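Let's walk through this structure together, one neighbourhood at a time. Keep the model open beside you as you read.

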Amino acid sequence: MSEIPMVAARSAVKLHPRGRSFHSDVSTHIPTNAPGVIDLETMAPLQVDGIRVDLVGMWERAAPLLAIRDNDAHSLYALGIAASLAAALPEADPVVALPAILLHDIGWSQVPPDEVLAAIAPGGGRPDLVRMHEVEGARLAQEILVDVGHDAAAIARIVEIIDGHDSRVHALSIEDAIVKDSDKTWRVTPHGLDVVMEWFGLERHEALSLCASRVIDHLFTDPARALARGLVAMSSVTMWPQSAALGED
Ligand SMILES: [Fe+2]
Ligand SMILES: [Fe+2]
């Protein structure tokens, strides 16, 4: 009897080539710092205006608190989205926005696991549990940020963002807007659709329609709107019968 996986399957992203069609070596044309490519290890400790942003140290402390319901991968992908939005919105302070998105959901670790999906289900959910993960997340984030030696003024702003990141309908600042937009935009990434399918037992096209309806017209920033529309378009194309008929090669 096969076991039901405890976590949603990760997208089958190809990391290695199956072969090589062109026989000249192109490796000398591959830059080390290509625009838009983000490396957590070299981004951290990130220096912004002399302030050290130890994202790796934060991740090491947050990962055990996120190891449920794909919150760990959700947080990493949302961090990647936030980094791309921060690059497009130079008025935003990455010292606030990046730690806030990385740590925003650590409070779910304090909510009973069997009640988490009821808390976030469409059609009402459990606002008391959503609030609980915000309050507990703010408390735990404060501890982690102090532990890694983060800037004190930034900690206050990060904690304020996390405490209310889902229940608060308006954005406190451009950094809060980036956190909200990154959190939502993740839902229409390939990984987000994989996870939402498993949460609610939906076909991919159903998950895409559900998530697109809750993301596209609910974003604060123009870069996030463009990014989300692009992601929804790509997943739409994947499900076209014309695409499916093309096969693998
Ligand atoms: Fe959340
Ligand atoms: Fe989230």
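Helices here are DSSP runs (H or I, at least four residues), as strands are (E, at least two), and both are numbered from the N terminus. The model is predicted, so local features need pLDDT of at least 70 and side-chain atom pairs count only at pLDDT 80 or more, while totals for chains, interfaces and linings use all residues. Residues are numbered from 1 along each chain as its sequence is written, and chains are lettered from A and ligands numbered from 1 in the order in which they are written.

Is Asp70 buried or exposed? Asp70 is buried, because 21 other C-beta atoms lie within 10 Å; the cut-offs are 20 or more for buried, 12 or fewer for exposed and in between for partly exposed, counting other C-beta atoms within 10 Å, with C-beta atoms placed from the backbone. Arg69 is in that loop between α2 and α3 too, and with 19 other C-beta atoms within 10 Å it is partly exposed.

Now look at the backbone. Most residues other than glycine have a negative phi. Arg69, which is not a glycine, has a positive phi of about 55 degrees, and the phi of Asp70 is positive as well, near 60 degrees.

Next come the helix pairs. Two packed helices are described by the angle between their axes and the distance between the axes. Helix α2 (residues 55-66) packs with helix α6 (residues 127-147) at an angle of about 150 degrees, their axes 9 Å apart; axes are lines fitted to C-alpha atoms over the stretch in contact, and angles run from 0 to 180 degrees between N-to-C directions. That angle makes α2 roughly antiparallel to α6, because angles over 145 degrees count that way, with under 35 being roughly parallel, 65 to 115 roughly perpendicular and the rest oblique. Where do they touch? Met58, Arg61, Ala62 and Leu65 in α2 meet Leu140, Ile144 and Asp147 in α6, contact being C-beta atoms, placed from the backbone, within 7 Å.

Definitions and conventions:
Contact = placed C-beta atoms within 7 Å.
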